[in-house]
Amino acid sequence: MKTIDIRKVRRDFPNLRVKVHGKPLVYFDNAATTFKPRPVIEAVAGYYQEYTSNVHRGIHELSEKATAAYEGARDKVQQFLNARGSKEIIFTRGTTESINLVAYSYGRHFLKSGDEILISEMEHHSNIVPWQMLCEEKGCVLKVIPFNDQGELSYEEFEKLLTAKTRLLSIVYISNSLGTVNPVKKMIKAAHGRGALVLVDAAQAVSHRAIDVQDLDCDFLAFSGHKLFGPTGTGVLYGKAQLLDAMPPFHGGGDMISSVTFQKTTYAALPYKFEAGTPHVAGVIGLGAAVDYVLSVGFNAIEGYEQKLLEYGTKALSAVPGLKLIGTAKEKVSILSFVLPNAHAHDIGTLVNDEGVAIRTGHHCTQPVMKHFGVPATSRASLTFYNTAEEIDALVKALRKVREVFS
Ligand code: PLP
């Protein structure tokens with residue numbers, strides 16, 4: 001079985017060499033965005049240095065090269081997700097835009113007053129607000145699956161909330177503020193049994209787990225390139241071809257048309273119907289390189305390594321007096337949210353930053369999760385496969401200093 005060669009992996013990420021306040025940086029904000037390995041940086045720079053040009057528009061050498069690289073990235077993402085075809089891969093600006101695309105195009109065209117949309121209490125705001133906006137406009141009803149104090153969804157409640165009126169389940173695969181891994185495959189099967197479609201928010205899952213959309217049988221799946229070691233401003237919406245075909249375009253403009261007259265415009269075939277205007281060519285090429293990179297490390301190795309880090313981190317943080325972990329699901333990834341008595345998360349974040357440790361503090365765009373636990377904010381250390389147990393020790397040491405300040 002493949003394992004992580006941590007020295008080699010760390011050499012691949014130039015950003016890890018940065019010092020903060022004269023101390024080696026410990027970067028534990030990977031759920032917000034990940035660092036980029038050298039091949040990604042080189043792929044982006046290579047496009048700008050050697051073949052900058054627009055895609056799908058020119059027959060000159062550079063445009064052909066850029067188009068081949070851009071479409072090559074689509075094929076890589078198709079294989080990465082095991083989609084049936086590359087026309088099922090739509091490039092977007094990120095998870096947020098992918099979800100909005102479904103809400104605007106599918107939601108506004110196919111849903112009507114009284115239809116129910118099911119989400120969960122642990123969704124990121126980007127999987128709440130687009131549905132609320134849709135419900136306001138169309139009179140649909142938003143239903144919410146609760147979770148328990150470990151941060152595990154109540155499957156019983158889910159089954160009760162799933163009714164003949166449910167038209168869409170939009171569910172997070174892995175929670176960004178709790179680390180919980182939801183049983184999405186089982187939920188998809190149950191939702192399909194009731195005739196509902198399912199969108200999976202894989203923003204966090206994509207860097208922790210191999211994803212097979214055919215095995216999951218989800219109807220849509222969204223992720224962001226920047227959380228998969230790729231460039232910011234890139235993202236993917238996977239959708240089953242027959243659904244995407246039936247959906248109207250989201251944005252109108254160049255590249256998404258077949259023909260335009262003032263009387264009538266006809267639209268391009270998939271996937272271009274959903275990619276109006278000049279896309280983020282460099283970013284998508286970088287995303288293709290990110291996919292290659294992650295696969296070269298291997299998800300078996302990533303999962304095994306991260307689970308050990310999670311176990312080590314859970315023990316080490318739990319040993320800090322007074323520290324309470326928020327999110328202790330049996331099935332979880334290396335995301336450690338916590339609170340410390342008498343210390344506000346922002347103060348914790350500032351003080352550990354003085355020690356060179358970057359964590360996230362706040363509500364993590366999941367205000368309902370904070371409400372569930374009765375806290376305004378948490379501190380969150382989100383780890384990936386380039387992090388180490390020594391870095392966790394550095395965080396723990398910094399937290400002990402925080403305790404001294406606040407006790
Ligand atoms: N969904 C989850 C679970 C997330 O963690 C995030 C970002 O943190 C998003 C959606 C939104 O992603 P983006 O801001 O890249 O669109």
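User: Is Tyr27 buried or exposed?
Analyst: Tyr27 is buried, because its relative accessible area is 10%. Buried means under 20% relative accessible area, exposed over 50%, and partly exposed in between, with a 1.4 Å probe and protein chains only. This is a predicted model, where local features need pLDDT of at least 70, side-chain atom pairs count only at pLDDT 80 or more, and totals for chains, interfaces and linings use all residues. Residues are numbered from 1 along each chain as its sequence is written, and side-chain values use heavy atoms, with hydrogens and water left out.

User: Which strand is Tyr27 found in?
Analyst: Tyr27 is found in strand β3, residues 26-27. Strands (E, at least two residues) and helices (H or I, at least four) are DSSP runs, numbered from the N terminus.

User: What is Tyr27 in contact with, leaving aside its neighbours within four places in sequence?
Analyst: Tyr27 is in contact with Thr33, Phe35, Ala358, Tyr386, Asn387 and Glu391. Contact means heavy atoms within 4.5 Å. As for Leu383, it is 356 residues from Tyr27 in sequence, but the C-alpha atoms of the two are 8.1 Å apart.

User: Glu391 is in α14, so which other residues of α14 are buried?
Analyst: Besides Glu391, the buried residues in α14 are Ile392, Leu395, Val396, Ala398, Leu399 and Val402. They cover an arc of only 165° around the axis, which puts them on the same side of α14. The arc is that of the directions from the helix axis to the C-beta atoms. An α-helix has 3.6 residues a turn, so residues three or four places apart point the same way.

User: And which exposed residues are on the face turned away?
Analyst: That face of α14 carries Glu390, Lys397 and Glu404.

User: What should α14 span, at 1.5 Å a residue?
Analyst: The 18 residues of α14 (389-406) should span 26 Å, and the end C-alpha atoms are 26 Å apart, which agrees. The expected span is 1.5 Å times one less than the number of residues.

User: What about Thr388, where does it lie?
Analyst: Thr388 lies in the loop between β17 and α14. Its relative accessible area is 10%, so Thr388 is buried. Beyond its neighbours within four places in sequence, Thr388 is in contact with Ile6, Arg10, Tyr305 and Leu309.

User: What is the strand order in the open sheet of four strands?
Analyst: The order is β13-β14-β17-β16, with antiparallel pairing. Its edge strands are β13 (324-326) and β16 (360-362), each pairing on one side only. The twist averages 35° from one strand to the next. Two strands pair if DSSP finds at least two bridges between them.

User: How many bridges do β16 and β17 pair over?
Analyst: β16 and β17 (residues 378-382) pair over three bridges, in the antiparallel sense. Arg360 stands opposite Arg380 in β17.

User: Which helix lies across β13 and β14?
Analyst: Helix α11 (residues 299-318) does, running at about 10° to β14 (335-339). Axes are lines fitted to C-alpha atoms, for helices over the stretch in contact, and angles run from 0 to 180 degrees between N-to-C directions.

User: Switching to β5, how many of its residues are buried?
Analyst: Five of its five residues, 116-120, are buried. Glu116, Leu118 and Ser120 point one way from β5, while Ile117 and Ile119 point the other way.

User: Which strand do five bridges join to β5?
Analyst: Strand β6 (residues 141-145), which runs parallel to β5. Ser120 stands opposite Ile145 in β6. With helix α5 (residues 129-138), β5 and β6 make a right-handed β-α-β unit. A crossover is right-handed if, with the strands pointing away from the viewer, the path from the first strand over the helix to the second runs clockwise. β5 also pairs with β7 (residues 166-172) in the parallel sense, over three bridges. The bridge partner of Ile117 in β7 is Leu168.

User: How many bridges join β7 to β8?
Analyst: Five bridges join β7 to β8, and the two run parallel. The chain crosses from β7 through helix α7 (residues 184-193) to β8, and this β-α-β crossover is right-handed. Both faces of β8 are covered, with Leu197, Leu199 and Asp201 on one side and Val198 and Val200 on the other. Strand β9 (residues 220-224) runs parallel to β8 and is joined to it by three bridges.

User: Last one, where is the place of Ser207?
Analyst: Ser207 is in the loop between β8 and α8 (213-216). At 5% relative accessibility, Ser207 counts as buried. Leaving aside neighbours within four places in sequence, Ser207 is in contact with Lys227, Leu228, Phe229, Phe299, Ile302 and Glu306.
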